[in-house]
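Subject: Handing over the two-chain model

Hello,

Here is the structure I promised to pass on. Please open it next to this email and follow along.

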Amino acid sequence: MNLHRTLLTTRRILEQLRHDPRTIALLLLVPTALVGLLAWTLTNQPGAFDSIGPKLLGVFPLVVMFLVTSVITLRERSLGTLERLFTTPLTKADFVAGYAIAFGALALVQSLLVSVLSYTWYGLAHQGVPWRISVVALLAGLLGTALGLALSAVAHSEFQAVQFMPAFILPQLLLCGLVIPVVKLPGVLRVVADVLPMTAAAHAIAPLQSNWYYMGQFAIMLAYIFVALAVGAASLRRRTK
Amino acid sequence: MEESNHLTFDVAQLRVVRGGNETLKSISFRAVPGELIGLLGPSGSGKSTLMRSLLGVQAITSGSARILNSEVGSPALRGRIGYMAQGSAVYLDLTVEENLRYFAGVLHQDPIEVARVMDVVALTSFAGRLVSSLSGGEQTRVSLGIALLGSPRVLILDEPTVGLDPILRRDLWRTFGDLARTGVTVVVSSHVMDEAARCARLLLLRDGMLLFDDTPASLLAISGASSYDEAFERLIEGAP
C-alpha cells in the first residue's frame, strides 16, 4: 500500500462529491432528518426517544454509507475507470483505503451533525457520554462503507446493489435489539444476533455498562470494518477471467 | 543481446478462453518500436480481448505475451503502457484537469505533465469543465490525454475514433503517426477499413484467429480487391 496514491484517491473521490452537492446534502441531511422525525413522533411519550434514538444513531449512517459506497464503486467498474487504474501502479489496497478514508471523513461529519442536533434541538437525554454515541455513529458509517465495498464485488449492477440493501441490512435491524431485546430472542437467533456488527453498535450505545464493555464493542465493530475492507480488496480482480 | 530484446511485443501462441468460449486462438506476432499497427476485425472477433490481454487485465489461458521484455500483467509494466478503453473510462463528475491530475499522480508524473498533455489533445481551454458537459469527441480526447501521460513507449487504443467527426479522426490519426515516428509503438483497433489503411501494418482478426499480418498494400494485392473495404470483406467472408 502506498500512502501517496491512497490519499490521491481520497482527494479524487471528495472532488467528485464536491461537484455533486445534492449527494452531499442527502448524505448529511437524510440521517439527521430521520432522527429528528423520530424524536418528533415520540414527543408525547416521555423517555421513549432517549431509549430508541441512540440505537438508530448507529443504524442510519450504516444504511446510507452502505448504499452510497456500493453504488459509487460499481459505477467505477461499469465506466471502465477501475480497469484503467489497474493498468497503473495503483494497488487494490490503495483503492479500497482511498474510499474508506473519503467516506470515513464524510461519516465523521455526518455523525457529529446527528449527535449534536440530537443532544440540543431534539432534546436527547441519554445516560451516557455524548462522545460515545458520536464514536458509534462514526464506526457505523465506516462499517457501512466497508460493507458496501465488499458487496460491490458480488453485485453485478447498481440495480442489484440497491436490492442487496434490504437483504443485508434489514435482518441486522431486526436482530440488533431494536425491536426485541437480544436476550429475549430464541436461542439460535440470539447466537446469530450476537455476532452481527449492528448488534455491537447497539450494545456500544447501551447505558450503564463498564468502559471495558464499550471498548469491547468498539473493537468488534473495528474488526468488522477491517475484515470487510480486506474482503473488498481481495474481491477486486486486476485480471478478469 | 538477443534479437528479442529489441521487441516491443512478443506474442506467441496466445490463447484466451472466456466463459467456455475460445476468444483468442493461438495468436502470434512481434513488433518493434515505432510501429503503427491497425488491429481490425468484425465486432466479436477478439480485438478488445487481445488488447486487454496485452494490458494484463485479461487472464491468459496459455501461450505467452511479453511487452518490453516483461510478461504482460507483471508489476514492472504497470503505468508503462498508455491505454484507452472502448468507452471513455474517465470520471464524468470531475473536470478535465482533475481527471488528468489524478491519473498523473497515480503514475507519479510531474504536475507539468498535465499541462503538456492538455495541450497535445487541445483541451487546455476546457481544463475547468466537467467531463459530463463535454461532447463525445472531447471526452475521447480526455481519455487519450490520460493514455499519453508520462509519454509511454507503448500505446494501446481500443477504437479511439468511433463516433468522431472526420476532421477529428484525421487529427487523431496524425497524432498517432507523429507518436510512432518518435519511436512509440501504437496499436489502434478499428472496424473501419479506410482508417486502418493509414497504418503501416495491419493485423486482421476473425473468430479469435489472426487471418492477416502485413501492409495495407499487400492486403489489396492478396485479395485482388480494388478497395480496402472490399479486401476486408473478402478476407472475412472468404477464408475458411
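Confidence first. This is a predicted model. The predictor gives the complex an ipTM of 0.89 and a pTM of 0.88. In chain B the mean pLDDT is 90, and 97% of the residues reach 70 or more.

Chain A

Chain A is built from helices: there are ten of them, and zero strands. The C-alpha trace of chain A spans about 60 × 40 × 35 Å along its principal axes. Its radius of gyration is 18 Å, which agrees with the value near 18 Å for a compact globule, because chain A has 241 residues. Of those 241 residues, 43% count as buried. Take the contacts in chain A with a separation of 6 or more: residues 24 or more positions apart account for 77% of them.

Where the chains meet

Helix α2 of chain B

This helix covers residues 96-106 of chain B. Is it mostly covered or mostly open? Mostly covered: ten of its eleven residues are buried. Among them are B:Val96, B:Leu100, B:Tyr102, B:Phe103 and B:Val106. Charged side chains are on the list too, namely B:Glu98 and B:Arg101. What do the buried residues of α2(B) pack against? Their partners come from both chains: α1 and α4 of chain A, together with α3 (112-120) and α4 (136-148) of chain B. α2(B) is followed by B:His108, with a positive phi near 60 degrees.

Strands of chain B

Start with the hairpin. Strand β1 (residues 9-18) and strand β2 (residues 21-31) of chain B run antiparallel and are joined by seven bridges. Within this pair, B:Val16 stands opposite B:Leu24. Two residues lie between the strands, and B:Gly19 takes a positive phi near 55 degrees.

Then there is an open sheet of six strands in chain B, with mixed pairing. Its order is β6-β7-β8-β3-β9-β10. Which strands are at the edges? They are β6 (81-84) and β10 (209-214) of chain B, each pairing on one side only. From one strand to the next, the twist averages 15 degrees. Inside the sheet, β3 (residues 36-40) and β9 (residues 201-206) of chain B run parallel, with four bridges between them. There B:Ile37 stands opposite B:Arg201. Helix α4(B) packs on the sheet and touches β6 and β7 (154-157) of chain B. The direction of α4(B) makes about 165 degrees with that of β6(B).

Best wishes

Methods
Residues numbered from 1 in each chain as written. Chains lettered and ligands numbered in written order. Predicted model: local features only at pLDDT ≥ 70, side-chain atom pairs only at ≥ 80, totals over all residues. Pairing = 2+ DSSP bridges. Buried ≥ 20, exposed ≤ 12 C-beta atoms within 10 Å, placed from the backbone. Contact = placed C-beta atoms within 7 Å. Rg over C-alpha atoms; globule rule 2.2 N^0.38 Å. Axes fitted to C-alpha atoms, helices over the stretch in contact; angles between N-to-C directions. pLDDT = per-residue confidence, 0-100.
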